[in-house]
Amino acid sequence: MKFLDQAKIYVKAGDGGAGAVSFRREKFIEFGGPDGGDGGRGGDVWAHCVEGLNTLIDYRYQQHFKAQKGVHGMGRNRTGASGEDVILKVPVGTQILDEDGETVLADLVEVGQRVLLCKGGNGGFGNAHFTTSTNRAPRRANPGLEGEERWIWLRLKLIADAGLVGLPNAGKSTFLAATTAAKPKIADYPFTTLHPGLGVVRVDEREFVLADIPGLIEGAHEGAGIGDRFLGHVERCRVLLHLVEGTSEHAGKAYKTVRGELEAYGHGLEDKPEIVALSKADALDPETLKTQKERLRRACGRTPLVLSAVSGTGVETALRLILAEVSELAAEEREEAAPAAEWRP
Ligand SMILES: Nc1nc2c(ncn2[C@@H]2O[C@H](COP(=O)(O)OP(=O)(O)OP(=O)(O)O)[C@@H](O)[C@H]2O)c(=O)[nH]1
Ligand SMILES: [Mg+2]
């Protein structure tokens, strides 16, 4: 399946139906009076967050969505039928932005959440509505109101607990493949991964979602390589696992390059808890391992993990550290969300 994480679409709600001007005309009934019915409401446009989607690819093929118009009113006090709504199904983590691409109108983070994007126009009143004590036969009816319309951006920010970052070829996708059921493409050239992938890690009978994102290179924030736009997908991660390729020239420099890009991107990525690991340990002789580990330690200021997704060394430890961090932060969030009124001296 293809991946698409942003789309610009046009949405328009249905116009309301017009009210009718009509008079009751029947044999033997004099002065039947006005009986024009009201117009029906136009359909709304909604966005609905659903399970089982992880891309906005549907919006590449269709960009215009119009809800049905309300049917106009008719004689004998018949109200027009309302127009059908249009419901846009979007994956969890979709943000709805205004046409400027910046103002966030809604953030759909839970399955079942819905937001009204455009409200349908009300139907107009039929002439039966305008009868007064002095005007028993009004010849006036309202037109329906127009439905709202607008251009909006849909932007998907995948929701994962932990995100994998690193230079190309650091072994991110291999790590994802080794720890989850995901099957990302793996190869020994840079930029094998072109769009983010997700997997579910099971460790100690607990689960968390891990995201693999394309590699970053120096200048990614200026568009080098495939740029840093996919970093949006780790914005919502609680913790980052930063993989530094053990077989790279200088592990310390590799680490700093990626840190530089995270900082240049901003949006709080630089402040996220980070677990640093030297990858591909199986491919290193003890001597190189020691030097690289030391270089990395100096660059990040603490002892890095050493792991190999191929042999499995250190992988469990990394997963447990991530899990601990994820659960701790989740507990903190729950505490913050809990009502403070419980507390009594
Ligand atoms: N020996 C050894 N090789 C590894 C290990 N992990 C990954 N590799 C190899 O390194 C190469 C790159 O691995 P990927 O997982 O595709 O790297 P990536 O970080 O996802 O790279 P991009 O998607 O290009 O950013 C592949 O040829 C892997 O087989 C490891 O632990 N040990
Ligand atoms: Mg990859």
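Some ground rules. In this predicted model, local features need pLDDT of at least 70, side-chain atom pairs count only at pLDDT 80 or more, and totals for chains, interfaces and linings use all residues. Residues are numbered from 1 along each chain as its sequence is written, chains are lettered from A and ligands numbered from 1 in the order written, and side-chain values use heavy atoms, with hydrogens and water left out.

Start with the layout. The chain is assigned domain 1 (6-156) and domain 2 (162-337); such bounds come from an automatic or database domain assignment. Their C-alpha centres lie 47 Å apart.

Next, the metal. Which protein atoms are donors of the magnesium ion, ligand 2? Ser173 (OG) and Thr193 (OG1), at 1.9 to 2.0 Å. Donors here are N, O and S atoms within 2.8 Å of the metal (3.2 Å for Na, K and Ca); water is not among the atoms, so sites may look incomplete. Ser173 lies in helix 2 (residues 172-179) and Thr193 in the loop between helix 2 and strand 10 (197-203), so the pair ties together parts 20 residues apart in sequence. Helices (H or I, at least four residues) and strands (E, at least two) are DSSP runs, numbered from the N terminus. Ser173 is buried at 8% relative accessibility. Thr193 is buried too, at 13%. Buried means under 20% relative accessible area, exposed over 50%, partly exposed in between (1.4 Å probe, protein chains only).

Now the rings. The whole structure holds 3 aromatic pairs. One of them is Phe125 with Phe130, edge-to-face, 6.4 Å centre to centre and 75° between the planes. The rule: rings of Phe, Tyr and Trp (its six-membered ring) pair with centres within 6.5 Å; planes under 30 degrees apart are stacked, over 60 edge-to-face, the rest tilted. Phe125 is partly exposed at 35%. Phe130 is buried at 17%.

On to helix 5, residues 315-337. At 1.5 Å a residue, its 23 residues should span 33 Å, and its end C-alpha atoms are 33 Å apart, which agrees. The expected span is 1.5 Å times one less than the number of residues. Its buried residues include Val315, Ala318, Leu319 and Ile322.

Last, cysteines. How many disulfides are there? The count is 0, taking a disulfide as two cysteine sulfur atoms within 2.5 Å. For Cys49, the nearest cysteine sulfur is that of Cys237, 17 Å away. Cys49 is buried at 1%.
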